[in-house]
Amino acid sequence: MIPAQVDYVRPGNLDETLQILKDREGDAKLLAGGYSLIPLIKLRLAQPALLVDLRDVSGLDGIVETDDYLVIGAKATHRQIHEAPIIRDRYPLIYEVAGHIGDPQVRNWGTIGGSVAHADPASDWPAVLIATGATIVCRSLVGERAIPARREDVHEGRLGTAHRHFFLDTFLTAIEPHEVLTEIRINRRPRGSGGAYEKLERKIGDFATVGVAAIVVLGPDGRIARAGIGVTAVAETQFAATDAEAILVGNPPSEELFRRAGTAAGAQSRPSGDVRGPVEYKRAMAAEMTVRALRRATERALAYV
Amino acid sequence: MTTQHITVTVNGEAHEADVEPRLLLVHLLRDNLGLTGTHVGCDTSNCGACTIHIDGESAKSCTMLAVQADGREIKTIEGMASGATLHPLQQAFWDQHGLQCGFCTPGMIMQSAWLLKENPAPSEAEIREGISGNLCRCTGYVNIVKAIQQAAGEMAAVAESPTGSPVAAG
């Protein structure tokens, strides 16, 4: 497959990139690893007039903990994330997702920012960002916006600058054409918390039939103080299983509780039937993956005291 | 559309080219440089037949533009043998019947070489995970795994030998 004709530029820094995006508003696409964008332009589902290669834009691939956040630069590859000691030691949810996306070649080159900006409704990272209540930071010449992954965080007004959440619809995000996704901020992992990702796939490297990322935060009384559940591949875009989260909070973890939460997550999903299975099956699997993710997240929360 | 001037080093040899930005790296290798060992299989980054090394890291060359390779070092299947001596992976695929039609083989070998660079003594499970981005449609993977195990053993023996040559068996 041959992509349509396109121009190409490789700016040397972020300011230059932002200026190009402003000048060419609407007809430029950012290129990092290319593992989401290039298939799209080969299939001619996207036909940008200009590709802006971020290769020479430095400072966008750090993985660090600040006082409040785990900050992952947009250009960090899945592999860099998987190999970062801080991720391996303290963020098992992120560790297992980063090590399982696509295949080794994809992980060598594909970036978290590219995947998140692409917003494929069956991709893995958005479920994680929703479960963890992450914010996605976008920069333009005007300044910086921190956009909540979760729709619910906009209603709470927690994050003043954004008027809407990040994952809006299939392949549609809140990024404006003149913005660059620069980093992802995930709340630092508190003691007594754990996360896990359960992905059902037909074969290794496949897109998820359904994927569930779960975070469980246990209070000093052993009850679930907070829960985050992000679900992928069973709706037009990833979503927070808020009914399931509400069932969990305030209760001691138990298999029976997880089952009720799983059923709620399945009921909140809106799958479409396709080669990966009919609607009823996908709902049932969304429920089951939720139960499994909650089990393992709770085990990890109990072990991280 | 403007063309871009790029310089790439392929199997140790520098090449310059003026390319359209839309030119895929695999087409630069096959059509412009005549290196047809790198195959185009699925053309959708699923099958891995087009796997090469870019700056030492395995990549699917159907999912990269030639302009993205500017200034980088590329290695393809043609760069694996030393003269008439096959690379241990090439020899092992031969010895273990790790191919039938051979279409996936260049990509399998390039991905296996990357895997053994990262993990010189992989378990069977690690080998299978390591080649999970490469599809074989004829043999199944049993003999491919055996071939990678054979090569891993031989390459480890070479690495441990003080003379740099394989340790004689027995």
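Me: Over how many bridges do E2(A) and strand E3 (residues 50-53) of chain A pair?
Reply: In this predicted model, Lys29 of chain A stands opposite A:Leu51, a residue of E3(A). E2(A) and E3(A) run in the parallel sense where they pair, and the number of bridges between these two strands is four.

Me: In what order do the three strands of that open sheet in chain A lie?
Reply: Strand E1 (7-9) and strand E2 (28-31) of chain A are the edge strands, since each of them pairs on one side only. The pairing in this sheet is parallel, and neighbouring strands are turned against each other by 25 degrees on average, direction ignored. The order of the strands in chain A is E1-E3-E2.

Me: At about what angle to E3(A) does helix H1 (residues 14-23) of chain A run?
Reply: Helix H1 of chain A lies across E1, E2 and E3 of chain A, the three strands that form the open sheet. Taken against E3(A), the helix runs at an angle of about 165 degrees.

Me: Why can the radius of gyration of chain A be said to agree with that of a compact globule?
Reply: Chain A has 12 helices and 14 strands, and its C-alpha atoms fill a box of roughly 55 × 45 × 35 Å along the principal axes. A compact globule with 305 residues would have a radius of gyration near 19 Å, and the value for chain A agrees because it is 19 Å.

Me: What percentage of the residues of chain A count as buried?
Reply: Among the contacts in chain A with a separation of 6 or more, 62% are accounted for by residues 24 or more positions apart. As for burial, out of the 305 residues of chain A the share that counts as buried is 55%.

Me: How do the elements of chain B run from the N terminus on?
Reply: The secondary structure of chain B comes to five helices and five strands. Read from the N terminus on, these elements run β-β-α-β-β-β-α-α-α-α.

Me: Is B:Leu28 buried or exposed?
Reply: B:Leu28 is found in helix H1 (residues 25-32) of chain B, and, leaving aside residues up to four places away in sequence, it touches B:Ala17, B:Val19, B:Leu23, B:Leu33 and B:Ala66. The C-alpha atom of B:Ala66, 38 residues apart from B:Leu28 along the chain, is separated from that of B:Leu28 by 6.4 Å. A residue needs 20 or more other C-beta atoms within 10 Å to qualify, and because B:Leu28 has 24 such neighbours, B:Leu28 counts as buried.

Me: Which element gives the most to the side of chain B that touches chain A?
Reply: The contact takes 22 residues from chain A and 23 residues from chain B. With four residues, the element of chain B that gives the most to this side is strand E4 (residues 57-60).

Me: How many polar residues does the side of chain B that touches chain A have?
Reply: Sorted by class, this side of chain B has six nonpolar and five charged residues. The polar residues on the side of chain B that touches chain A number 12.

Technical notes
Residues are numbered from 1 along each chain as its sequence is written. Chains are lettered from A and ligands numbered from 1 in the order in which they are written. This is a predicted model: local features need pLDDT of at least 70, side-chain atom pairs count only at pLDDT 80 or more; totals for chains, interfaces and linings use all residues. The radius of gyration is taken over C-alpha atoms; the globule rule is 2.2 Å times the number of residues to the power 0.38. A residue is buried if 20 or more other C-beta atoms lie within 10 Å of its own, exposed if 12 or fewer, and partly exposed in between; C-beta atoms are placed from the backbone. Two residues are in contact if their C-beta atoms, placed from the backbone, lie within 7 Å. Ala, Val, Leu, Ile, Met, Phe, Trp, Tyr, Cys and Pro count as nonpolar, Asp, Glu, Lys and Arg as charged, and the others, Gly among them, as polar. Two strands pair if DSSP finds at least two bridges between them. Axes are lines fitted to C-alpha atoms, for helices over the stretch in contact, and angles run from 0 to 180 degrees between N-to-C directions.
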